Structures are given as C-alpha cells and as structure tokens.
Amino acid sequence: MAINVYRNGQWGCYRHFKLHEDPRYESTTNHCFANCVKPGDLSSFTWMVGPLSEQPPTSPLVKVVYSSLNFKDVMIATGRLSIETFCTDRLQQECILGFEYSGVTATGKRVMGIINAGCMATLIESDTLFTLDVPDGCTLEQAASIPTVYATVYAAFFICSHIRKGNSILIHAGTGGIGLAAIRVCLAYGLEVFTTVSTKEKREFLLSYFPDLNPNNIGNSRDTSFETLIKERTDGRGVDFVLNSLSEEKLQASIRCLARGGHFLEIGKYDMMKDSKLAMALFQKGITFTAVLVDLLFKEKRDLMQVLHKLIVEDISKGIIQPLPTTVFQAHEIEQAFRYLATAKHIGKVVLKIRDNEDDLASVPISYLPRVYCNPEQSFVIAGGLGGFGLELADWLIIRGCRKLVLSSSRGITKPYQQYRINTWHTYGVQVLISTEDISTENGCRRLLQQAIQMGPVAGIFNLAVQLRDAIIENQSVDKFAECLAPKATATHHLDLISRELCPMLKHFVVFSSVSCGRGNAGQSNYGMANSIMERIIEHRVAQGLPGKAIQWGAIGEVGIVADMQEDKIDMEIGGTLQQRLSSCIQVLDQLLTTAEPVVASMVVAEKRSSSGGAKNIVEAVMNIMNIRDMKSVSVESTLADIGMDSLMAVEIRQVLERDFDIILTPQDLRTLTFSKLQKLADAKAENEAVEAATQQLQLEDLLASFGDEAASHHTVLRLPSKCNDLEYDRPVLIIPGIESVCSPAWTKIASEINAPTFMLQTFARATDEQTIAGIVDTVFDEMFETVFAKVEQFLVIGYSFGSLLALEIVKRLEARSLQGKLMLIDGSPLYLQRFASHH
C-alpha cells in the first residue's frame, strides 16, 4: 500500500528527498578551520567548525587576525605530499593546514608565532615555545609574514650550519618569502649573495628592495643556467652555501654549484618524498647535505627551538628581521589564495585575513559547515559497539574528542580484533568499558547508563544493536518478531525513557535504522517493523524538543551482517541499493547528525549516475584551474604548458579530468594538450552522452511497447485488427505473447500487417494458481478453441518467448483434434527451451 502513514488526522506516505549540505555564511566567534576536503581539488576548500568549539583548550587561545600560506600547505592541498608525511598522529590529521599566524590573546596582547598545524583557523591554541610579541610599529598583517620564513632561515644558518662574514651563498627563489628573508639576513651578516628569480619583474623588484645586491649575481630559476652563472662569477670555485627550494634536475645542478667543503641546505620536500637519488661522487668534495625541517625541530628538538626563539628575538630587536611584502586575500577567498601561491607569481608572503580589526571578537563572514565533536569529560554509549560498524563509529567519536566510552554487547569481546582496537584506543588515553547488560530489559538499560554516568555525564547514546530473524511472512512467528524487536525497538524505548531521567546533558540520541524500513526487503517484515518503531520514537523525541536522530543506512559492505553474508561481492545489489563503503558512511556522519530532520538516510542507489553530474564542462574546469578568465586571452592551439601550466596544475588537471569526466590522460598526453584538443574531447564526450541518451530512450520505448492495454486485459481471446477481418475464415492466426500475457502495441502493429484473421491469447485473464504449462493451457483451451478454431481445419500458431512453451502444448492438443497447420516460435526454439529448462 503506497499511502500507509497516518499522522495529524490524515493519511500519507514517507518519501526520500535529497539532503542538501547548506553551509552557514556568517561571522563567527567559534573555532572554524579551513581544509581541502579532496586533496588535489582546490575547489573543495571548505571552512568547517573546529574542535575548540566543544573541547576545552589545553594552552592559551589566540584570536587569529592573519594566517599565512606556505608552499608546504599548497603541496598538501594539491595532493603532492600526503598528510601522513607530516602528521602521523591520527588525532590531529584533520586540522592540518597553516603553520604561522598573527593575532591577539585573551588579554589583548598582540602576538605572532608558529604551531604544529591548524593556523588556518579563527582560533588557535598557541605554543609558548614559539610565540613572539609583535614589535611596536608593526601591523598584524606584517607580523604574519615573519615567523615561519625567519624560523626556517635561522634554523638553516645557525642551527643546521653556521654562516660567517665573507662566505658566499646561493639562495633560490629570491622573491619568495624565505628567499627575501634569507637575502636580508645574509646581507646583514656580510655574505656575498647569489640568487635566482623566474621573471624580469622579480629581478627588478629585488634590485629595488635590496640596493646592495649585485645585479650580476641574479640568475634564472626556471632552468639550470644558474650553474654556469655561479661557475663564471666564482672563477669555478662555487659557493659555500646553497639554500635550495628547487627540485629534480635543478636540485642536482644546485649541488654542483657548491665549493669544496660547502653546505647544501635543503628546505624543499618534494624530492625527499619522491626518494630522488644523489650521486655519491659529489661528496668527494667534502660537502654536507642537510634537510632543514622546522616542523621536525618543533616536535622532536624542543631545546633547539628555544635557541632559535632566542636568536630571532635578538635580531628583531637589532632591526635585522623585518616584515616582508604581503598579498592579502579574504578568508572566503582561500581557493584563490592557494591557486595564486601555486603559480609562484607572488612576491613575499600570501596571507589570509581572518578578522577585520585586532579587537574584533568575530571573524569576517565565512561560509562554514557544522561538525560533530565530543567533550572529553563526557561519556558516550554505543549499544552494539563491538560489531563492525560499532567499532568504526567508536573510533570516529574518539577522533572527534571522546575519551570516555561504553561499548554494550551481549557477548562481550569475542574476537582478537576487537581487543586490538580497544588497546589502540587506550594509547590515545581513552577509557573503554565493555558492558554486557541486557538492553532488551528496562533494568539492563538503567544499569548500562548508570555505568556510563560513573565515567562522566552521558552526552551521546547510539543504538546499533541488531538481531535478524528473517523469514517470509508465512514462516514468521510471534517469538521471531519479539526477538528481532528486542535490541532495536524495545531497547530504544527503554533508553528513551531512562535517558530523560538520568541524562540531562544528552546531546545525541541516535539509532541506526535501515532503508528496508522505508523501502521494504523480502523476508524482513519484523526487521522493518523494529526500525520503524525506532524512527517513530525519534520523531516523538524531536517533537518534544529532545535530541534524536534515526539514520537509515543502505547495505554496508566491508563490515557487519551484509559483509558476513556476501563475502567479497561488494557490487551486489540489495533492495535497490549497492553496498556502501564504510569510509563513505563515516564521511557523511557530520552532515546526517547536524541536520534538523529527525529521520535521515544514506545509501548508494543502484542506478548508474553520471560521473560529471553536469556541474561544468571540461574546458571550463581546466580554465578554472589555470586561472584563465577569458578564452580569447590565450591561443587554443598552444599547449597548456606553454600557456602556463606548472606541475601542480598538471596534477590537479589530471585528477579532475579522471574523477569528474572519466577522461584518463598519460603525462605525455597532458604535455601536448591544447584547448583545441580539450574542446574535441568535450564534443566527443557530449556526442557519446547523446548517443547513450538516445539508446536509453529507445530502450525505454521498447519497454513501454511491451506493456499491454489494461482495458482489454480481461479478455482471454482478443481479436486484433488485421488485413483480413472476415467473420468466416479457413485458417486463423493465434498469437501467444510472452510472460506478460497481455496484448501490447507491438503485437497490434504486427497484426495489422497479417493477411488473415488474427487473435491474441491472454492466458492470465483467468487468474489461477497453476504453476505448470499444461495447467495454464487447461484453464484457457476450451474457450480459445470455441472462439478461434471450432469451424476450421487449419491453424497458424505464433509463440513468443514464454508463450512458445504454451504454443507447443496448444498445438499438440489441436493436432489431437485432427487440425493441421504451422507453428512459429519467436525467441523460443525447442533446442533453446530445452537448454533453458535444463538449467532452471
């Protein structure tokens, strides 16, 4: 029954509507941070609520006014460097971008500094190890340009090596943040400076910014010609130091620029991640190669960071350390800021403006998504917490801050993997209690919540428990229904009532339901009912202003009941849905738990979806990545590399074309790609989609053509208009359709071309319970014979598909009555039918 829900005095039905993830656009005083949701796709940059909105800070808070971008951020956001490279702690891998800031403390003090990660935010927890006072006369915009670049330069020059007056140094990318800082420091300490830039404009800027810089000592960073420059300017000797940020062949050329006993200071990370090789013969000159990793010093060498802090404070007071030029982007322009930095067209530092004024409590308006976090002082209860999904949910809550966890399971720990996960959580400082209370009873639920309250106030209750008792309705029983309802409907009812009494600080009351509740699934009437009762409890709670959420999950692969039954058949369709990856389930939890609707769902519909979704065409996508606003400004026959595609853009273009448009290009294809070729790819894709759409339309028309006319479906024998509509005839034609057993427009059209009286046999007009061919023919033969063949001696019987089986039986009986004629089988040859029957 389609309309089966009675509410507020009227009948209706439940329907699924797409849940839209609408970000909030407003100024906020809460903790929000920026993240590239899909590394490699800068358009996925999103602001989202951060953990400090729920969790108490462990160190002094700073209201961020400006946050600086570094090339390391770009490498992570574009997917060229993995997050795990810099952060092995799973608890801190979400808020990873941004390493320096300037802002104001709770006491109104202006500060700048570095933290391990997460500065691209509205609030940060400062680290006293590297928090610096902003000098008088220096704005917070200028202050944001100081910490990371000078920390890197001073670590390279005074921790990893020791520069001296009279030494020579090659500093690559001289107009970048670190390049400008390094040149300033080296000139102040009396070194001869060589540097490289990528454009004539940057060369002119350096000469105006540093009047003492020798114009003959500036080379090109786009190729390896600087090696020749160094050899010529030093009479073949080379330089004492190289501060390098270039990669691949330019890195190799830079090493060859070193004099005997020289020091190579590597601040880039790309070649390290690629595991590039160095020729050991180079070290015969007595050179040293040192990786300058300030983030490693920050984590592992805190004593050296104290030395670094002291050096920087001293040189700030001496006036050696000065702010750098800045390019400012608003917080909501974060994607444009990253794209700008990735092009390497900037001079100095690129910074994000988080607040308009130093004394503002709220940030500038940003578009951010809500997220779920847990207070570590509160407890969370998961019924069914030792199951596959339960363990993953528990892990997700722990990542989000939960430190007090109660897992309910009737059997307790039964598998080594369960104990392994619990042991891992203990290393995170999490208290885990395993409860075996019977949650199908009121007393069991009460004891469960009392155990959780002893750990801390209960903030979340999640019911994942399930007990399947599948059977078709004829084989169901009261006991099977009761057993299926016990961990779901009954337990949820008890938890609802008891939590109202014992859990005044409850924020989450969540039950895991199933799409089988709304869509139905064969043999699971009791399971569907149990889920439906839970959902009605949730709706009642929400109507009363209490927290409540029911999540209808589709079939879930990898863990749980479906995975146990289906083993490795991950693409098997179940109830109109495909198995959903567990990682996908975890990714949508924020959206499902923060929406206002009491009942939500997550499933992978079995129907095929377009990969691009029609969001944008291929050419527009590439133009966006390359910051091209107007196609008229570029040549469509020039390669993308000639127009300005660098390695970072190439990575993003390949990923977008493959992910959104199902186009796979080799590196060679990408190097020779032009907008003209891109347009041809777009046209070919559009043509293929049009052909596919036309094919689907034809298939739909064919399907509709096989549907019969219900108005005439009650007639056992239906005469069709043909070229011969005489009432007296010698040899009629009898058509027996397929399994649908109803005259369709296709048969009507065929009959109109037949030069003989034509009849259609609709065997299901007489509804019976017959399951055999002979039994079906018995119900219609006498009426058919009297209507069609009683006055003739010849016949022509046409059987189609399933109708061929009926045609064989009918012809046998006609011949038994001395009639003669022909039998025509369409898609139903005897050999085919015999083979089909033997397999089924």
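**Figure 1. Helix α5 lies across strands of a sheet in this predicted model.** Helix α5 (residues 177-188) lies across β11 (168-171), β12 (192-197) and β14. The helix runs at about 165° to β11. Axes here are lines fitted to C-alpha atoms, for helices over the stretch in contact, and angles run from 0 to 180 degrees between N-to-C directions. Helices (H or I, at least four residues) and strands (E, at least two) are DSSP runs, numbered from the N terminus. Residues are numbered from 1 along each chain as its sequence is written. Because the model is predicted, local features need pLDDT of at least 70, side-chain atom pairs count only at pLDDT 80 or more, totals for chains, interfaces and linings use all residues, and side-chain values use heavy atoms, with hydrogens and water left out.

**Figure 2. Six strands form an open sheet with parallel pairing.** The strand order is β13-β12-β11-β14-β15-β16. At the edges stand β13 (218-220) and β16, each with a single partner strand, so one side of each has no neighbour in the sheet. From one strand to the next, the twist averages 20°. Two strands pair if DSSP finds at least two bridges between them. β14 and β15 pair in the parallel sense over five bridges. N244 stands opposite E266 in β15. Helix α7 lies across β11, β12, β13 and β14. Its direction is at about 150° to β13.

**Figure 3. Helix α7 meets helix α8.** The axes of α7 (residues 225-233) and α8 (residues 249-256) come within 9 Å and cross at roughly 10°. That makes α7 roughly parallel to α8; angles under 35 degrees count as roughly parallel, over 145 as roughly antiparallel, 65 to 115 as roughly perpendicular and the rest as oblique. F226, E227 and K231 of α7 make the contact with K250, A253, S254 and R256 of α8. Contact means heavy atoms within 4.5 Å. By class, the contact has two nonpolar, one polar and four charged residues. Ala, Val, Leu, Ile, Met, Phe, Trp, Tyr, Cys and Pro count as nonpolar, Asp, Glu, Lys and Arg as charged, and the others, Gly among them, as polar.

**Figure 4. Several elements cover the buried residues of α8.** These buried residues are K250, L251, A253, S254 and I255. Buried means under 20% relative accessible area, exposed over 50%, partly exposed in between (1.4 Å probe, protein chains only). Their cover includes α7, β14 (239-244), β15 (258-266), α9 (270-274) and β16 (288-291).

**Figure 5. Strand β6 is largely enclosed by the rest of the structure.** Eight of the nine residues of β6 (residues 61-69) are buried. Three bridges join β6 to β9 (residues 123-125), and the two run antiparallel. L61 has E125 as its bridge partner in β9. β6 also runs antiparallel to β7 (residues 100-105), joined by five bridges. There, V62 stands opposite T105. Four bridges join β6 to β18 (residues 349-353), again antiparallel. S67 stands opposite L352 in β18.

**Figure 6. E809 lies in helix α29 (residues 802-816).** E809 is buried, with a relative accessible area of 14%. Not counting residues up to four places away in sequence, E809 touches I773, A774 and V777. The C-alpha atoms of E809 and D356 are separated by 88 Å. Along the chain, these two residues are 453 residues apart.
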